[in-house]
Amino acid sequence: MTATTPITTPFTAQSTAAEVVDGIDLTGRRVIVTGGASGIGIETARTLAGAGAEVTLAVRNLEAGERTAEDIIAATGNKQVLVALLDLSDQASVAAFTAAWDGPLHILINNAGVMASPETRTSEGWELQFATNHLGHFALATGLHRALAAAGGARVVALSSSAHLRSPVVFEDIHFRNRAYEPWLAYGQSKTANVLFAVKANRLWASDGITVNAVHPGGIRTNLQRHVAQEDLDRMIAQSGIAANLAWKTPEQGAATSVLVATSPLLEGVGGRYFEDCNEAEPNQAGARRGVAAYALDPEAATRLWQVSVETLAS
Ligand SMILES: NC(=O)c1ccc[n+]([C@@H]2O[C@H](COP(=O)([O-])OP(=O)(O)OC[C@H]3O[C@@H](n4cnc5c(N)ncnc54)[C@H](OP(=O)(O)O)[C@@H]3O)[C@@H](O)[C@H]2O)c1
């Protein structure tokens, strides 16, 4: 990794998605937001539709998707808000989604995710968080590669998390077959995988004009915390050293970094990086809960993960 000065923008942790997209016209652009019917995904989709884009909510719950699409259409007046079925933990569902996609894709937001779930395995025996957060999105993005290349200047955003600091990808035992399952380590591993995906995809797809970045949206109260007890959340906030009233962003602030990375002319041609609070992250300092881990940007680990992902999906 070469040491470079992190990219900064005029935006901050308090900026909202509407503020970062102000003045940007996305008419004629086609967008997919996975998990677009909950939490940060709703605000991301609403903002991009508000800027004129055609937005497809890729969701596993079609009813929730239809309700969200109606709300967004009513709020923005943009009728081009579509809903499509996508279950990222089911490779047949991902394959059906990519096969049905027609035409160019300008922006792919790999937003859906599951956090700290009890030990669960897919039908293939894959650990659920890695399977959903990484492998599902890996299959989706690679399946849509041609559509992204056809757009000319497409951008892919991978939602990672500061929780990536909890674990590198443990290549020796990704699926917790030989070690005790620990929900936060599994989540952290999957979120590191999201960053490594951005590093490798950005390099592989540069010649197609596609840029790929990872983001940490901040801490936002959403359905993501469904598997975490309130007392555990309170303890984590207390340990973070951040005042409780400042610990959480609003969903509008949470969507800002994704929307910035997906649309801002300030980031034209920028890829393979990790952003938080609307700016490229500094390297993590030991003990801090900010910044990006060196292992998440490691090009060798990124290449290894890419190979492992291809092999896993082919197995
Ligand atoms: N909120 C935070 O504090 C925070 C912090 C750091 C990173 N993030 C990241 O931000 C992203 C969005 O999180 P959020 O806070 O908005 O959470 P959320 O409200 O729980 O939304 C997550 C979305 O992912 C969907 N999803 C889960 N498993 C899926 C699957 N197998 N196939 C398709 N969709 C699936 C969920 O669908 P259902 O509604 O059907 O369950 C939901 O729509 C996640 O990647 C998360 O890791 C969030």
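Reply: Thr56 touches Val31, Ile32, Val33, Leu82, Ala84 and Trp101, leaving out residues up to four places away in sequence; contact here means heavy atoms within 4.5 Å. The model is predicted, so local features need pLDDT of at least 70 and side-chain atom pairs count only at pLDDT 80 or more, while totals for chains, interfaces and linings use all residues. Residues are numbered from 1 along each chain as its sequence is written, and side-chain values use heavy atoms, with hydrogens and water left out.

Thr56 lies in strand β2. Strands (E, at least two residues) and helices (H or I, at least four) are DSSP runs, numbered from the N terminus. Thr56 counts as buried because its relative accessibility is 4%; buried means under 20% relative accessible area, exposed over 50%, and partly exposed in between, with a 1.4 Å probe and protein chains only.

Strand β2 covers residues 54–59 and pairs with β3 in the parallel sense over five bridges. Two strands pair if DSSP finds at least two bridges between them. Within this part, Val55 has Val81 in β3 as its bridge partner.

Helix α2 (residues 39–50) packs on the sheet, where it touches β1 (30–34), β2, β3 and β4 (107–110). The direction of α2 makes about 170° with that of β1; axes are lines fitted to C-alpha atoms, for helices over the stretch in contact, and angles run from 0 to 180 degrees between N-to-C directions. Helix α3 (residues 62–76) also packs on the sheet, touching β2 and β3, and its direction makes about 170° with that of β3.

The whole sheet is open and has eight strands in the order β3-β2-β1-β4-β5-β6-β7-β8, with mixed pairing. Its edge strands, each pairing on one side only, are β3 (81–85) and β8 (279–280).

Next come the nonpolar cores. A nonpolar core is a set of buried Ala, Val, Leu, Ile, Met, Phe, Trp, Tyr and Cys residues joined through side-chain atoms within 4.5 Å. The largest one has 48 residues, and Leu108, Phe197 and Trp205 have the most contacts inside it. Apart from that core lies another of 39 residues, including Ile107, Ile109, Val157 and Val270.
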